[in-house]
Each structure stands twice: as structure tokens, then as C-alpha cells.
Amino acid sequence: MERLLRPAYAEVDIGALRFNYRQIKELVSPAAVMPVVKANAYGHGAVETARALETENPEMLGVATIEEGTQLREAGIKSPILVLGSVYPFKNFRVIIEYGLTPVVASLAAAKALEEAAEGSGKKVFFHLEVDTGMGRTGISPQTAADNWNHLKGFSHTECEGVFTHLACAGEDLRETEKQLGIFRRMLEKISPPRYIHVLNTAGMLTSSGAGFNMVRPGLAIYGLCPDGVRRQDYPFKPVLSLKSAVIFLKEVPGGIKISYGGTWKAPRKTLIATLCAGYADGYRRELSNKAGVIINGTLCPVVGRVCMDMIMVDVTAASGVRTGDEAVLMGSSGGVSVTAEDLAGICGTVNYEILTGISSRVPRVYRGL
Ligand SMILES: Cc1ncc(COP(=O)(O)O)c(C=O)c1O
């Protein structure tokens, strides 16, 4: 903390991360858990998050890109790492093999290319087959998977270790989800199931936990973020990341004074205005202008005027005894008051995923309980 020159940082509570992981384990037992740590672990810091989770012995970790996988290997992460994103171009299979990552195969052509790359490397390579049951993004069709199963199983340098699909409407449309699960189950009946069968993300895990596959792939729940349609008070997971800044400037303005670009906010009366040093370049989005609140001394204080690139202004008239240097919680909890990622996403008309992954690289991550 002493080395933070600018008080704008994301505080990551490793205790909450471990708590969430253990809760998930208990919820889905005996199924295994593959925490998803893609996109810099949803903004929490991939290496630190993976290191903390690795001590909990997860079955494997999930990333989206090869670069995310190689970053974790270079940081010394030993757990199996599944690269969930479809590999393109196929020559990239060589990098996956070199780094001991587990690739996803989403077509017969990819399976063949992986077999050739594996043969060239002299290593036996395990892969997971992605089946498209309704997401419409990547994945082999269930029919092609079933018809070619013996072919896929028959390669000599590769082995299908897992088969999976991704839900398009988990938590949103149970009928659509059931339809996808039905398609997947019917395909499974036609093959000899490999070691891992996984489908459920966080929303799926909560709404279709009886779906009976032997591994789950939660992202949101690991970070304590609430899927759409789930009430925070009913949610068993704790938010892991708080976005914090401090009052760096304080002034009293008379009624009628306008604040920030465009003069979109005018003081209705004598007002105490605090300036905080975080803005949209830090991931505190411009849509939050004149709409969000920041917790200062246990009071939710309204953001006034437009969010700037590096700063925001807040009306702290109602908060008691505010002084420069006081902590400001832009996202998180303090003194019994909370601003959640879901609150900010609601204002911005987006999802909590985007709020978290949008916290920029210039914001230092400060780890508690590592
Ligand atoms: C293939 C796949 N599995 C699992 C997840 C984790 O989803 P969630 O964060 O909703 O739990 C994602 C995230 O988008 C994904 O793309």
C-alpha cells in the first residue's frame, strides 16, 4: 500500500475467493470444479488468483486464450489448464503443447491438426471436445461428434479427455437450457463418455445443479458476482473485489456552481464537493455520471457531473466530517452500505462481467490475505 502513489486501486480479498471456491465445491460435490480465470481472472489478477486457487487443488483452471495459459505457466502454475477458446490458426496447437496446456477441439479438422502437432512433439496430448448444442458460437455438431466418436477416440497421439457444451440461456430461459441439456445427453448416450463431462457455468450451476455432469465451470461465483436474475440477498458467494479511491481535494461551492465537463450538474445550494482520483480510464464508466454513488465515511454520496478520464466529483454534504485522504469506495461495502458490480452494471445498461473486466491495467490490484 505504501507504494501506491495515486490512491486508486482494486482491493482483492483472497479470503473471500477461497470461501467462494469452497462453497462451490460443497454445492456441486461430488462433481469437480474448474474455476474460470480468463480475462485476467475477471479483472482480479490472473496469476495471484490462480496461485490462491491452486492451493485449494482445483481439478483444472479455465482460460480463454493461449496467452492467458502461457502467462500462468510462466508464473509457475502447475494445475491442468483448459484453453476454452477455439484454437485458430491450428499451428497454435504447437504452443499449447509446448506449454502443457489442454486444448479444446471444436471440429474434425482441428482434431486432425492437433493429432499432427502432437505426433511432431512426441507427446501424448489430451483435449476436450466442444459440442455446440445451441450457443451457436463454436463447437462440433452433436451429430458429427456422435458419428465420428470412434475416429476421434482412435488417434494415437491425442486422447479426448473431456466433452462439454456451453449454455446460451442459463438463468434466463430454463426451457432453452433444458433443450440444450437434452441434446447434450442424447449425444452422450451415443459415445463412450470420457473422463470429464462439463456444462454448467455459474447460472447453470444454480438453476440446473442436478444436471449430473462431473465438472462445473464457474466464473462469476468464484468472484462472488451475482448472475442476472439472482437476488444478492439469496446468493451464497461473497464479492471479492472492491474498487477504492480517496478524497484528494475538497471544496465548498455556493448554489448555482456547475461541476465537470458540460456543466451537467449545478449545485442546488451550498454544497461540499469531494474530488476522487479515479475515472473512466480506470474503468469507472462515464455512464455513471450523475447516477452512481460512492461510499465515504459510511454514507452513499452521489457522483455529480460527468465522470472525467482520471477523476470524479462527489457531493459529500450529507457525509459527516469528510477530510482529504478519506477512503472512497466506488464498488464494495463500507459501514453497512454497499455498491455492487450489479448496481454499476444496471446503471450502465450492461452486465457485471463488463464492469469487472473493464477495470483497467493502470489500477493496481492490492491483495488481502494472499
Ligand atoms: C465456455 C465458458 N465456460 C464457463 C464460463 C464461466 O461463466 P460464468 O462466469 O457465467 O460462471 C464462461 C464465461 O463466459 C465460458 O465462456
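Predicted model: local features only at pLDDT ≥ 70, side-chain atom pairs only at ≥ 80, totals over all residues.

How do the residues of the shell around the ligand divide into nonpolar, polar and charged?

Reply: The shell around the ligand divides into 5 nonpolar, 4 polar and 3 charged residues. By name, they are Val 36, Lys 38, Tyr 42, Arg 137, His 166, Asn 201, Thr 202, Arg 217, Pro 218, Gly 219, Leu 220 and Tyr 353. As for the place itself, the ligand sits in the largest pocket.

Let's turn to individual contacts. The side chain of Tyr 42 has an N or O atom 2.6 Å from an oxygen atom of the ligand. For Thr 202, an N or O atom of the side chain is likewise 2.6 Å from a ligand oxygen atom. Gly 219 takes part through its backbone: an N or O atom there lies 2.8 Å from an oxygen atom of the ligand. As for cover, the ligand taken alone exposes 400 Å², and the protein buries 91% of that.

Although Tyr 42 is not a glycine, its phi is positive, at about 50°. Most residues other than glycine have a negative phi, and most peptide bonds are trans.

The peptide bond from Ser 29 to Pro 30 is cis, with omega near 10°. You will find Pro 30 in the loop between helix H1 (14-28) and strand E2 (32-33). Tyr 88 and Pro 89 are also joined by a cis peptide bond, with omega about -10°. Pro 89 is placed in the loop between strand E4 (81-83) and helix H5 (93-98).

To finish the tour, follow strand E10, residues 241-253, and its pairings. With strand E1 (residues 8-13), E10 pairs in the antiparallel sense over 5 bridges, and Val 12 stands opposite Leu 241 of E10. Strand E17 (residues 327-334) runs antiparallel to E10 and is joined to it by 4 bridges; here Lys 244 faces Val 329 in E17. Strand E13 (residues 271-276) is joined to E10 by 6 bridges, again antiparallel, with Glu 252 opposite Leu 272 in E13.

Key. Residues numbered from 1 in each chain as written. Heavy atoms only, no water. Pairing = 2+ DSSP bridges. Helix = DSSP H or I, 4+ residues; strand = E, 2+ residues; numbered from the N terminus. Near = heavy atom within 4 Å. Polar contact = N/O pair within 3.5 Å; in protein donor to acceptor, adjacent residues only side chain to side chain. Areas by Shrake-Rupley, 256 points an atom, 1.4 Å probe, with all protein chains shown as cover. 1 Å grid on protein atoms, 1.4 Å probe; cavity = no way out; pocket = protein on both sides within 12 Å on 5 of 7 lines; lining within 4 Å. Sits in = over half its atoms within 2 Å of the grid points. Nonpolar A, V, L, I, M, F, W, Y, C, P; charged D, E, K, R; others polar.
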